[in-house]
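Below are some points to check against the coordinates before the model is used further. They are in numbered order and can be read separately.

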Amino acid sequence: MSSNVATDDLTILGSGQPLDLPNEGRKNLATPGGDQSEKAEAKLPHALNYYSLRDTARRRLPRGLFEYIDRGAEDETSLVNNRRSLDNVRFQPRVLAGITSRSQQTELLGYTLKHPLIVAPTAAAGLVWHKGELGLARAAAAAGIPFCAAMESIISIEELAAATNGAIWLQLYVWRDHALTHELIGRAWSVGIETLVVTVDMAAIPKREYNSNNAFDVPIIPSLKGCWDIVRHPKWLFCVLLRHMLTEGMPIHANYPTRFRRSIFTSRSSGRIGFDLSLSWRDIGELRKRWPGRLVLKGILDVEDARRAAEVGADAIVVSNHGGRNLDSAVSPVDVLPEIADDVGGRMVVLADSGVRRGSDVVKLLALGARAVLVGRAFLYGAASGGEAGAQSAIAMIGDEIDRTMALVGFRGVGEIKRSVLRTDFPLGRHAYHDALASGEETNKRESPSGDAND
Ligand SMILES: Cc1cc2nc3c(=O)[nH]c(=O)nc-3n(C[C@H](O)[C@H](O)[C@H](O)COP(=O)(O)O)c2cc1C
């Protein structure tokens with residue numbers, strides 16, 4: 001998401017006193033409970049695989065929104081290499097293990113997860129389906145996995161917490177006015193959110209040129225091209241945008257302090273509420289003192305930074321390049337995960353994300369040292385295809401693929417998954433998706449990753 005904040009006005013966090021918040025009424029999130037949702041909004045769509053969900057999302061969503069989700073920064077080298085690196089890891093399975101059933105249950109940070117998965121924070125979730133964030137959160141609760149709400153959500157953490165029983169984490173970008181950030185984490189704690197995920201890979205606003213080409217950015221500046229795009233997707237216009245406008249009003253960044261909540265069509269975050277792009281370890285140390293819950297740093301790619309995170313008292317890190325959306329030509333998490341996990345895995349929980357399309361990708365990341373894996377686009381496309389039911393179906397699909405991979409490689413439980421079953425010494429792999437991506441000579445000149453994004 002965009003913010004035109006300057007970076008020269010660093011406000012150090014206040015007194016460093018821990019939050020003093022009421023525990024009363026806090027929900028026990030240790031074991032994600034069942035789903036208390038209303039009936040799923042749509043019939044469970046057929047989730048053959050990631051690509052079928054992506055295809056449905058591509059047809060349903062305005063092209064600007066679809067590409068906002070699908071694509072990466074600048075030349076999309078990070079995006080493409082995330083897949084190449086994952087594809088280049090292969091299994092050397094063991095056979096005849098006589099395994100009759102498998103369990104994906106895993107314990108981390110005080111939670112019991114039914115699958116080694118976490119719904120990644122994605123700012124656009126509320127735009128892919130009416131109340132898309134709620135659908136994803138409920139689907140996560142039903143599947144027994146945590147849902148990480150993006151700070152930039154269009155639904156508030158209060159509404160989320162009231163509407164689902166599952167484990168909700170909050171992702172945070174620190175605002176320039178740190179006092180406003182403290183207010184937000186106070187709100188989070190008071191509604192029972194116990195895990196804060198601070199995104200640390202946003203030292204500049206990334207260059208995503210397709211957003212400019214599509215006239216889709218936040219704020220969404222009304223333009224002829226943008227309106228035409230929306231008009232060509234009447235289902236989305238009526239079922240998502242107009243429905244939202246008629247029920248809740250214009251979509252806003254609902255987690256922002258009331259005085260800064262403006263329509264995503266009119267407000268560019270700036271001034272006190274712009275992101276603090278000059279965040280430092282000192283600020284993380286201050287946040288650590290203030291936040292009584294579990295602290296996760298998202299966007300670590302270097303072993304020294306991982307050590308720093310452990311020293312500053314983080315409970316977990318996410319080895320991530322933001323799904324290829326921020327720094328282009330960044331290393332892929334797969335490439336650095338083993339050395340990071342070997343170094344700090346004994347002291348803190350190591351999570352990973354970026355590029356996961358299959359359950360086998362999840363198993364690879366677990367084998368390379370992650371305790372669980374965050375999934376962004378795959379679950380978003382589920383929600384875009386069928387709201388809560390679509391998200392459920394996407395989570396179930398990845399869970400099923402994890403199970404098959406475990407069976408075929410020879411693991412009974414996720415705790416057994418080990419690196420010795422992996423081989424990585426192959427020439428760079430190819431994949432249909434790469435071929436589609438590479439089909440334009442210069443990737444940024446291509447119209448869309450797989451052709452026409454319109455209905
Ligand atoms: C549309 C979209 C919006 C995102 N918004 C955020 C965000 O607000 N904060 C954040 O830390 N990460 C954000 N991410 C990154 C995800 O949390 C995650 O790191 C990434 O999607 C993982 O890669 P994958 O999509 O290939 O699974 C976003 C990703 C997408 C696709």
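**Notes on the predicted model**

1. Leu 96 sits in the loop that runs between strand E1 (90–91) and strand E2 (106–108). Its phi is positive, about 55°, although Leu 96 is not a glycine. Is Leu 96 buried or exposed? There are 6 other C-beta atoms within 10 Å, and a residue with 12 or fewer is classed as exposed, so Leu 96 is exposed.

2. Glu 74 also deserves a look at its backbone. Phi of Glu 74 is near 45°, which is a positive value in a residue other than glycine. Glu 74 belongs to the loop between H2 and helix H3 (77–87). Because Glu 74 has 18 C-beta neighbours inside 10 Å, it counts as partly exposed.

3. Helix H10, covering residues 234–247, is bent by about 30° at Leu 241. Just after H10 comes Gly 249, with a positive phi of about 95°.

4. On the model as a whole: this is a predicted structure, with 16 helices and 12 strands in the protein. Of the 455 residues, 53% are buried. Taking contacts between residues at least 6 apart in sequence, 76% join residues at least 24 apart.

5. The ligand is surrounded by 24 residues, and the closest are Ala 120, Thr 199, Gly 323, Gly 376 and Arg 377.

6. Why is Ala 370 classed as buried? It has 26 other C-beta atoms within 10 Å, and the cut-off for a buried residue is 20 or more.

7. Which residues does Ala 370 touch, not counting residues up to four places away in sequence? They are Leu 337, Ala 341, Val 350, Leu 351, Ala 352 and Leu 365. The C-alpha atom of Ala 370 is separated by 9.8 Å from that of Val 334, with the two residues 36 apart along the chain.

How values were computed:
Residues numbered from 1 in each chain as written. Predicted model: local features only at pLDDT ≥ 70, side-chain atom pairs only at ≥ 80, totals over all residues. Helix = DSSP H or I, 4+ residues; strand = E, 2+ residues; numbered from the N terminus. Contact = placed C-beta atoms within 7 Å. Near = placed C-beta within 6 Å. Bend = angle between axes of the 7 residues up to and from the residue.
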